[in-house]
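Student: I would like a close look at a single part of this structure. Please take me through it step by step.

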Amino acid sequence: QVYAVESGGGSVQVGGSLRLSCTTKGEGTIRLYDIHWYRQTPGKQREFVASIPAFGIPDYSASVVGRAAISRDDAQNTVWLQIDNLKPEDTGVYYCNTRAGSFAWGQGTQVTVSS
């Protein structure tokens, strides 16, 4: 099977920036797949953050619109999510996958935003 691999998280202060990366491990790649970023916090459902189709324009949740930029380079087998002006509400574990869940879930990357 193909596993999602997330990285780039960290602990930052309010107003800082992070650039998260999503790639895959296994025989499959992100080529021709829509890639979605989700955020998970304890006790709450996983929520959509942003997505980028194989061919098309990105989509952003209201929580990050205007602050986030998602991009991809299929040759590098990588999707990035840049989030600027980070807020405490951005805190969570970030996961990537296709909308249909084509990849096995990775361990995610932790984002912690503090005042």
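Student: Where is the place of N85?

Tutor: First, the ground rules. This is a predicted model, in which local features need pLDDT of at least 70, side-chain atom pairs count only at pLDDT 80 or more, and totals for chains, interfaces and linings use all residues. Residues are numbered from 1 along each chain as its sequence is written, and side-chain values use heavy atoms, with hydrogens and water left out.

Now N85. It sits in the loop between β8 and β9 (92-97). Strands here are DSSP runs of E with at least two residues, numbered from the N terminus. N85 is partly exposed, because its relative accessible area is 42%. The scale runs like this: buried is under 20% relative accessible area, exposed is over 50%, and partly exposed is in between, using a 1.4 Å probe and protein chains only. The backbone of N85 stands out too. N85 is not a glycine, yet its phi is positive, about 50°. Most residues other than glycine have a negative phi.

N77 also has a positive phi, about 55°, and is not a glycine. N77 lies in the loop between β7 (68-73) and β8 (78-83). N77 counts as buried, because its relative accessibility is 14%.

Follow the chain on to β9. C96 lies in this strand, and C22 lies in strand β3. C22 and C96 form a disulfide, with their sulfur atoms 2.1 Å apart; the cut-off is a pair of cysteine sulfur atoms within 2.5 Å. The pair lies in two strands, so it ties together parts that are 74 residues apart in sequence. The link of C22 and C96 is right-handed, with 85° about the S-S bond. A search of the whole structure finds one disulfide. C22 is buried at 1% relative accessible area, and C96 is buried at 0%.

S21 is in β3 as well, which spans residues 18-25. S21 counts as buried, at 18% relative accessibility. The side chains of S21 and W80 are joined by a polar contact of 3.4 Å. Such a contact is a pair of N or O atoms within 3.5 Å; within protein, one must be able to donate a hydrogen and the other to accept it, and residues adjacent in sequence count only if both atoms are side-chain atoms.

Last, the sheet around β9. Six strands form an open sheet with mixed pairing, in the order β2-β10-β9-β4-β5-β6. Two strands pair if DSSP finds at least two bridges between them. β2 (10-13) and β6 (59-60) stand at the edges, each with a single partner strand, so one side of each has no neighbour in the sheet.

Terms used. Helices (H or I, at least four residues) and strands (E, at least two) are DSSP runs, numbered from the N terminus.
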